[in-house]
Amino acid sequence: MIRVAVVDDHTLVREGLTFVLNAHSDITVVAQCASGEELIAQALDEIDVILLDLYMPGMDGLETLRRIGSVTKTLMLTTVGRDRDIRQALSLGAGGFVLKDSTGSELASAVRAVHCGMTVISPAAAMSLSINHPVLTPRERDVLAMLGRGLSNRDIASELGLAERTVKVHVGNVLAKLGVPSRTQAALKADTILNPS
């Protein structure tokens, strides 16, 4: 069971997110917080994933991330995300970024992925990142390099010692972050991104 804390300054949003997540048998919301301050007062070791609103009055999502560090995996949530804020959240250790117009299934999938240590950025959020300087995790850089060599998901999984399903998730994240629709286009960008001049 993945234990989630929902942090948002709007009561209706918190309750809606809680309802949506609790509808999944492997996820349970163990805390609802209206602010970063309320979250910090929680027993963070009893929370697996924090669903954290980026823009809140008082202690916003970025400051909350600074305070909690990497104690708990965090998935950022917002209606819009500025390029600078998305990058800063990722650099502070956020495990992913989803927009509030995501479906319940997309949100649940993102929670599961972050819980497994993957980085998740919804396509809409990825589009606000600069295509020239995407923020890739070390594992995503490995995957991109192998896409550049034309390897299949099965071959990549074999070389990296990963499950093919995990590689598929990484490939999806790479495509979203690069803002491209296909593996071929990602492969064409691989050298430029991995070896900038």
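This is a predicted model: local features need pLDDT of at least 70, side-chain atom pairs count only at pLDDT 80 or more; totals for chains, interfaces and linings use all residues.

Me: What makes β1 and β2 a pair?

Reply: Two strands pair if DSSP finds at least two bridges between them. β1 (residues 2–7) and β2 (residues 27–33) have six bridges and run in the parallel sense, so they count as a pair. Along β2, R3 has T28 as its bridge partner, and A5 stands opposite A31. The names come from DSSP runs, numbered from the N terminus: helices are H or I with at least four residues, strands are E with at least two.

Me: Which strand does β1 pair with over four bridges?

Reply: That's β3 (residues 49–53), again in the parallel sense. V4 has V49 as its bridge partner there, and A5 stands opposite I50. β3 in turn runs parallel to β4 (residues 73–78), joined by five bridges, with L52 opposite M76.

Me: What is the strand order in the open sheet?

Reply: The six strands go β2-β1-β3-β4-β5-β6, with parallel pairing. β2 and β6 are called edge strands, as each pairs on one side only. At the β6 end, β5 and β6 pair over two bridges, in the parallel sense, and F97 has I121 as its bridge partner.

Me: What makes the β-α-β unit right-handed?

Reply: The test is to point the strands away from the viewer: if the path from the first strand over the helix to the second runs clockwise, the crossover is right-handed. Here the path goes from β1 over α1 (residues 11–22) to β2, and the unit is right-handed.

Me: Why is β1 called largely enclosed?

Reply: Buried means under 20% relative accessible area, exposed means over 50%, and partly exposed is in between (1.4 Å probe, protein chains only). Five of the six residues of β1 are buried, so the strand is largely enclosed by the rest of the structure.

Me: How do you know that both faces of β3 are covered?

Reply: In a regular strand the side chains alternate between the two faces of the sheet. On one side of β3 sit V49, L51 and D53, on the other I50 and L52, and all are buried. That is five of its five residues.

Me: Why is R165 called exposed?

Reply: Its relative accessibility is 72%, so R165 counts as exposed. R165 is in helix α9.

Me: What makes something a pocket, and what is the volume of the largest pocket?

Reply: Work on a 1 Å grid over the protein atoms alone: a cavity is a set of points where a 1.4 Å probe fits but cannot get out, while a pocket is an open set with protein on both sides within 12 Å along at least five of seven lines. Points are joined across faces, edges and corners, and the volume is the space filled by probe spheres set on them. For the largest pocket that gives about 520 Å³.

Me: Which residues line the largest pocket?

Reply: A lining residue has an atom within 4 Å of a point. There are 22, and E106, S109, A110, V120 and N173 lie nearest the centre. α9 gives the largest share, six residues. By class, the lining has 12 nonpolar, six polar and four charged residues; Ala, Val, Leu, Ile, Met, Phe, Trp, Tyr, Cys and Pro count as nonpolar, Asp, Glu, Lys and Arg as charged, and the others, Gly among them, as polar.

Me: Which domains does the lining draw on?

Reply: At least three residues come from each of domain 1 (2–130) and domain 2 (138–194). Those bounds come from an automatic or database domain assignment.

Methods
Residues are numbered from 1 along each chain as its sequence is written. Side-chain values use heavy atoms; hydrogens and water are left out.
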